[in-house]
Amino acid sequence: MSATIFKDTIFALSSGRLPAGVAVIRLSGPGTQRALREMVGMVPEARHASYRPIRGRSGEVLDRGIVIFLPGPGSFTGEDSAELQLHGGKAVVAAVLQALGTFEDFRHAEAGEFTKRAFLNGRLDLVEAEALADLISAETEAQRRFATANAEGAQATLYAEWRRRIVHGRAMIEAELDFSDEADVPGSVSDQVWADMAALARNIRAHLSGYHTAEIIREGYQVVIVGAPNAGKSSLLNALARREAAIVTDEPGTTRDLVEVALDLSGLKAVLVDTAGIREGAGRVEAIGIERALARAERADLVLELQALDEPVDVAITGTAPRIRVGTKADLIDSQRDANAFDVLISAKTGYGIDGLMSEISRRAQDATEKMADVLPSRVRHVALLERCARSLDAAVAQESMALELRAEELRDAGSSLGKISGAVDVEDLLDTIFSEFCIGK
C-alpha cells in the first residue's frame, strides 16, 4: 500500500448523470485494497481491467462490472485508487455507494477532493489543478486548447523558470553580502542581477497584458446589443442565436433586464447580451434596466449600436469598446439610401445582412484572441500575484540607495509571490476556494 498523508478513503460517482449506459465510481485512500478484497474478492493486477462481480458487505451481488486498481504513488491522487465501472442504473449505483459507505474510515468525497489530494500528494501543482477545472468546464475548442496547454504544464513551467531566476539573483546578492572577501565569489554581481531582474519585470508585465485574452477564451467574447426601444435588439439576438431567446413585441420597453446567449464562433465562445432600450422618461423598473445596459456596454468587448432605419434614434453610450453601427429593419425602406450611415444593414425579418454581421463579429473575436498561442495568466489570483511580483522587482531594482539586505528582501517577496501561484509557497487559505470549483468525483 502506498504512503499517504490521509487516514480516510474517499469515494464518489465520477461519471455523468444517471441513468446512463455506464457509471464510474472512483475511490482513493488507504482502504482501497481492503474494499476491493471484500467487494470484488481480490485486488486485480495493477492497471489491468478485470470483469468481476461486485458484492455488498453481506455477500449479495450488486452488479457485475469492470474493476481497475491503480496503486499509489503512480495514481492520479498519489494514493491507492480504484475505479468500478458499473451499469448506470440509479439503484445499482446507490447500492454500491451505500456498501462503500459502511467501511470504517470511508466517506463520500467533497467537490474537487480527488484533485486536492493529487495536489497535496505532490502529483500536480495549483496551476495544473486549475487548468483541469477549466478543461472539465470547456465548452469550445479554444477553451479546450487553452486548458490542455496549461494542464500539461505550460504556465507552471514558465512561472517556475521566472522563480528560478529570482532565487538565483537573490542568492548572488546574498553571496556578495556574506562572502565578498572569498576568492570564489565575483567582486560585484549586483549590476548583472539588477539588469536581469529589470528584464524579468518587463517580461511579467508583457505576460500580464494577455490576461484579457485569457478572459475572453474562458468567459467568452462579450457582445452587447444597445439601442433605443424598438430598434430591433431582441429580434437581432434571436436571429443570431437562431432561436427565440428574447421576447419580441411592438411595445417599447419589453426587455428590462439583460438577456444573455452563448454562441460558439469557430471554436471561440461569444456571449451576446440583449439590453433594455435606452430612452428618457422611463419608469423606475425600466430605468434600472437602462442603467444595467449602459454599465454592461462599458465592459463589453464589442458593442452593436442599433438604429431602426424607418425611425432612427441616436442613444448616448460611453466606454471605449469598439462599435459596429447597425441599421435594422432594412426590409422597410430603400436600404441603399442609408448605407453610408452604418457599418452594416440588416433585417431580422428576412435574414438580410445577418450572416455578414455574424462573420464580422467572429472576425473581431478571433482578432481579440490572437495571443492565444502564447502562455497567458488564466486566473485573477494569478494576475494579483504577478503584479505583486513585478512591483517587488521594480522596488529592488530602482532603490539603489537602499541597503543591499533590503533589496534582497524585495527579491524574496517577488519569489514568494510566484511560488504562491503554483502552491510552492503556503496557500492553505486558498485551497478550499480553488478546489470547490470542481465537480464531485474530480
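What percentage of the 442 residues in the protein chain is buried? I looked this up in a predicted model, in which local features need pLDDT of at least 70, side-chain atom pairs count only at pLDDT 80 or more, and totals for chains, interfaces and linings use all residues. Residues are numbered from 1 along each chain as its sequence is written, and side-chain values use heavy atoms, without hydrogens and water.

**Entry 1, the chain.** I found that buried residues (under 20% relative accessible area, 1.4 Å probe, protein chains only) make up 49% of the chain. I noted 14 helices and 12 strands, taken as DSSP runs (H or I of at least four residues, E of at least two) and numbered from the N terminus.

I looked at helix 4 (residues 126–137) and helix 5 (residues 141–151), which pack at about 155 degrees with axes 8 Å apart, the axes being lines fitted to C-alpha atoms over the stretch in contact and the angles running from 0 to 180 degrees between N-to-C directions. The two helices are therefore roughly antiparallel, a term for angles over 145 degrees. The contact (heavy atoms within 4.5 Å) involves, among others, Leu-132 and Leu-135 of helix 4 and Arg-144 and Ala-147 of helix 5.

Of its 33 residues, Leu-236, Leu-304, Val-326, Leu-357 and Ile-361 touch the most other members. Leaving aside neighbours within four places in sequence, I listed the contacts of Leu-236, including Ile-225, Ile-346 and Ile-354. Another core of 26 residues, with Ile-166 and Met-197 among them, lies apart from the largest one.

Note on methods:
Parallel < 35°, antiparallel > 145°, perpendicular 65-115°, else oblique. Core = buried A, V, L, I, M, F, W, Y, C linked by side-chain atoms within 4.5 Å. Buried < 20%, exposed > 50% of the residue type's maximum accessible area, 1.4 Å probe, protein only.
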